[in-house]
Amino acid sequence: MSTLNASFVQNMSIVRPEYFFIIGLSDIPYSSYYYIFLFITYFIAVIGNSIVLLIIALERSLHSPKYIGVFNLALADIGETNAVIPNMMKTFFFDSQYMSYNACLANMFFVNFCITLQSVTLVVLALDRFIAICLPLRYHALLNNTVMSLVFLAVWAFNTSLMALSTSLMTRLSICKSNVVHNFFCDYGPVLRLACNDNSINVFLANLSAALLLVAPFCIIVLSYMGIFFALSKITTWEARLKALKTCVSHLLLVGIFFLPVICLFIASAITSLTPNARVISVSLSFTLPPMLNPIIYVLNTAEIRVLIRKVLKNRIVPIRKNISK
């Protein structure tokens, strides 16, 4: 599919295809095994993040600023998983690689929104750890549930506005070079390169979004942990240092899982020309693995959540044992 559809929706000088052809993986032997792997990650991500959401929502002891951030991250994970993986599953199960113009824009918005929401949420959680360790006596004065809720309300409003603007500006482009998208979803960059009229505004907005919502968050997180490590160096005993550092382990793992694949992909793209299939696999892994691993990390590394799960399991197991003994 290298030519545009026979029918177009044309408004003055703007040319839009009726549908896009999403390439995904092509000519790879045993690619079905990769789709099965993605389906497993999807199942684990949805179940795991749903459990985290339910635990935080139902347990009053977790209604704190930190867990408001964790709740928001789980929401973003579920949103990203549902925006990315079902499209690949549709290709595998139904051999359908066509996506309508409007569905493409909707997919583009939700994928970009959820990814940037994850990034900004990790920044808020980093600032939470920074205040907790560097300014412990002022933590409750600076951060409470109301403040954290307002912060995330502003984050959602800003992200929604910026992603909606960047997506809506795609409608001003004439897509007349091709209708083939070389990715597994309606990616902003590949669609942008299909335009044959001036796309400088779109390129500027894409770079601005990446700078504000990906590069700046990573830099802020690095600066936050530089301040945390400096504060820890002033603590006299190693036991106290390790105790404070343990509260950051889960967040550091989440940051590494989210940003390292993105950084590696950027470096690989700068050094060498990635094949379309290699790019699809690397991008899909960087999008799907963090939502799957995030709830596992929080369950395994957060004492409060582990204790709650043990209580629930104990309350379920004890009545069963009593019934069996009777």
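Thr-288 has a relative accessibility of 2% and therefore counts as buried, a term that means under 20% relative accessible area, with exposed meaning over 50% and partly exposed the range in between (1.4 Å probe, protein chains only). The structure is a predicted model, in which local features need pLDDT of at least 70 and side-chain atom pairs count only at pLDDT 80 or more, while totals for chains, interfaces and linings use all residues. Residues are numbered from 1 along each chain as its sequence is written, and side-chain values use heavy atoms, with hydrogens and water left out.

Thr-288 belongs to helix H9, residues 276–301. Helices (H or I, at least four residues) and strands (E, at least two) are DSSP runs, numbered from the N terminus. Leaving out residues up to four places away in sequence, Thr-288 touches Leu-38, Thr-41, Glu-80, Val-84 and Ile-85; contact here means heavy atoms within 4.5 Å. Although Thr-288 and Asp-77 are 211 residues apart along the chain, their C-alpha atoms are separated by 8.9 Å.

The chain as a whole may now be considered. Its secondary structure comprises 10 helices and five strands, and its C-alpha atoms fill a box of roughly 65 × 55 × 35 Å along the principal axes. Of the 326 residues, 43% count as buried. Among contacts between residues at least 6 apart in sequence, 77% join residues at least 24 apart. The accessible surface is about 17200 Å², and 70% of this surface belongs to carbon and sulfur atoms; such areas come from the Shrake-Rupley method with a 1.4 Å probe, and for residues only the protein chains shown count as cover.

An unreviewed UniProt entry places the feature "transmembrane region" at several spans, among them residues 67–85, 105–127 and 139–158. UniProt positions are given in the numbering used here, feature names are shortened, and annotations may be inferred rather than shown by experiment. In the model, residues 67–85 are 100% helix and 0% strand, with end C-alpha atoms 26 Å apart. Residues 139–158 are 90% helix and 0% strand, and their end C-alpha atoms lie 25 Å apart.

Two further residues illustrate the helices. Phe-71 is located in helix H2, residues 65–94, and counts as partly exposed because its relative accessibility is 28%. Beyond residues up to four places away in sequence, Phe-71 touches Leu-53, Ile-56 and Ala-57. Val-124 lies in helix H3, residues 101–134, and counts as buried because its relative accessibility is 10%. With its neighbours within four places in sequence set aside, Val-124 is in contact with Met-148, Val-151 and Phe-152.

The charged side chains remain to be described. Side chains of opposite charge can pair when their charged atoms come close. A salt bridge is a side-chain nitrogen of Lys or Arg within 4 Å of a carboxyl oxygen of Asp or Glu. A search of the whole structure finds one salt bridge. The side chains of Arg-129 and Asp-128 meet in a salt bridge at 2.8 Å, N to O, and both of these residues are buried.

Asp-187 is buried yet has no salt bridge, and the nearest side chain of opposite charge, Arg-279, is 4.8 Å away. Lys and Arg count as positive and Asp and Glu as negative, whereas His and the chain ends are not counted. Apart from residues up to four places away in sequence, Asp-187 touches Met-108 and Val-181.
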